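This report is meant for a reader who is meeting the structure for the first time. Please look over the sequence and the model below before reading on.

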Amino acid sequence: LYENFFSSTFYIFYFHEIMDKLSNDDLKAILKARNVPCDGMSREQLLETVQSSSSAEKAADASPAPAPSHAGILDSLDSAIHSSLKTIENGLNSLFNTGSKYLDQAHQASFRSFYGFPESEQLFGEFKCNVTTTYSYSFVITHISSTHFSFSGWQQGILKYKIPLSDITEVHHGSVDPSGKDLTFKPSQTPSDSDNAAMIKTKDGKSHVFFFSARNLNFHDWIGQLESTLASYNSTQAQ
């Protein structure tokens, strides 16, 4: 319970930090994707409108809080944590919504603006998962596009990585404890339905391990999209 409380506080802080770092064009792209008029708004008005529209989305798509399992003050704390985490989830979804149905023109523009890509970069898919760090792991949103594999999240500051597909040398299937208690990557001899993780190696000698928890069961969609995009890219480069 207390671990979730500190985790939620951590993410709230960095959610507001990233909102402050978004440009006015980023904020307008978010509002236009929600069909909210924003022409002529000042930056303060844009921030306020993004926040209020996030609250409206949260109210429209709210899920019931879990039944309290503690007594007295712990009941209130448990409810507050659940509410905070739900707010964070809706806030992150307002920036990047997983699923091909969200990859419309406004979403593509928001993606390119966020990473600084040119108009030619096409987003094919995005997936929520976790990336391991030295001693822990971080929630990230990965983006698979025409020439890059990118991911962003929060770990003692904002993470934002853009890996050219030409720099990826190996992709290994495997597994990681979905609870995150054991971050050891266990490679599979052959791809398996039980796989929930992949190790991506790059030309600079670095390895990145991404794993999917019980709440994010899209590993096979993710790895399929990544490998098919890599194959298509490499085939094009070989011609």
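## Contacts of Val171

In this predicted model, Val171 touches Met199, Ile200, Ile223, Glu227 and Leu230, when residues up to four places away in sequence are not counted. Val171 itself is found in strand E5, and its C-alpha atom is separated by 9.8 Å from that of Val209, a residue 38 places apart from Val171 along the chain.

## The sheet and the helix across it

Strand E5 belongs to an open sheet of 8 strands, which are arranged in the order E4-E3-E2-E1-E8-E7-E5-E6 with antiparallel pairing. Strand E4 (158-164) and strand E6 (186-187) stand at the edges with a single partner strand each, so one side of each is left without a neighbour in the sheet. Strands of a sheet pair through backbone hydrogen bonds, in either a parallel or an antiparallel manner.

Helix H6 (residues 219-238) lies across strands E1 (123-132), E2 (137-145), E3 (148-154), E5, E7 (197-202) and E8 (207-211), and it runs at about 160° to E5.

## Strand E2 and its partners

On one side, E1 and E2 pair in the antiparallel sense over 9 bridges, and the bridge partner of Val131 in E2 is Ser138.

Strand E2 is also joined to E3 by 5 bridges, the two strands running antiparallel, and they form a hairpin with 2 residues between them. Within this pairing, Thr142 stands opposite Phe151 in E3.

## Nonpolar cores

The largest nonpolar core has 20 residues, of which Phe149, Phe151, Ile168, Ile200, Phe210, Trp222 and Leu226 touch the most other members. The elements that give two or more residues to this core are E1, E2, E3, E7 and H6, and the largest share, 6 residues, comes from H6. Apart from this core lies another, of 6 residues, among them Val176, Phe185, Ala197 and Met199.

When its neighbours within four places in sequence are left aside, Phe149 is in contact with a list of residues including Thr142, Tyr161, Leu165, Ile168, Ile200, Phe210, Trp222 and Leu226.

## Aromatic rings and charges over rings

A search of the whole structure finds 14 aromatic pairs. One of them is formed by Phe151 and Phe210, whose rings are edge-to-face, at 5.0 Å centre to centre and with 85° between the planes. Because Phe151 lies in strand E3 and Phe210 in strand E8, the pair ties together parts that are 59 residues apart in sequence. Phe151 counts as buried at 2% relative accessibility, and Phe210 is likewise buried, with a relative accessible area of 0%. Ring pairs also link Phe149, Phe151, Tyr161, Phe210, Phe212, Phe219 and Trp222 into a cluster.

Which rings have a lysine over their face? Lys160 lies over the face of Phe114, at 4.3 Å from the ring centre, while Lys162 lies over the face of Phe117, at 5.2 Å from the ring centre.

Key:
Residues numbered from 1 in each chain as written. Predicted model: local features only at pLDDT ≥ 70, side-chain atom pairs only at ≥ 80, totals over all residues. Heavy atoms only, no water. Pairing = 2+ DSSP bridges. Helix = DSSP H or I, 4+ residues; strand = E, 2+ residues; numbered from the N terminus. Contact = heavy atoms within 4.5 Å. Axes fitted to C-alpha atoms, helices over the stretch in contact; angles between N-to-C directions. Phe/Tyr/Trp six-rings, centres within 6.5 Å; stacked < 30°, edge-to-face > 60°. Buried < 20%, exposed > 50% of the residue type's maximum accessible area, 1.4 Å probe, protein only. Lys NZ or Arg CZ within 6 Å of the ring centre and 35° of its normal. Core = buried A, V, L, I, M, F, W, Y, C linked by side-chain atoms within 4.5 Å.
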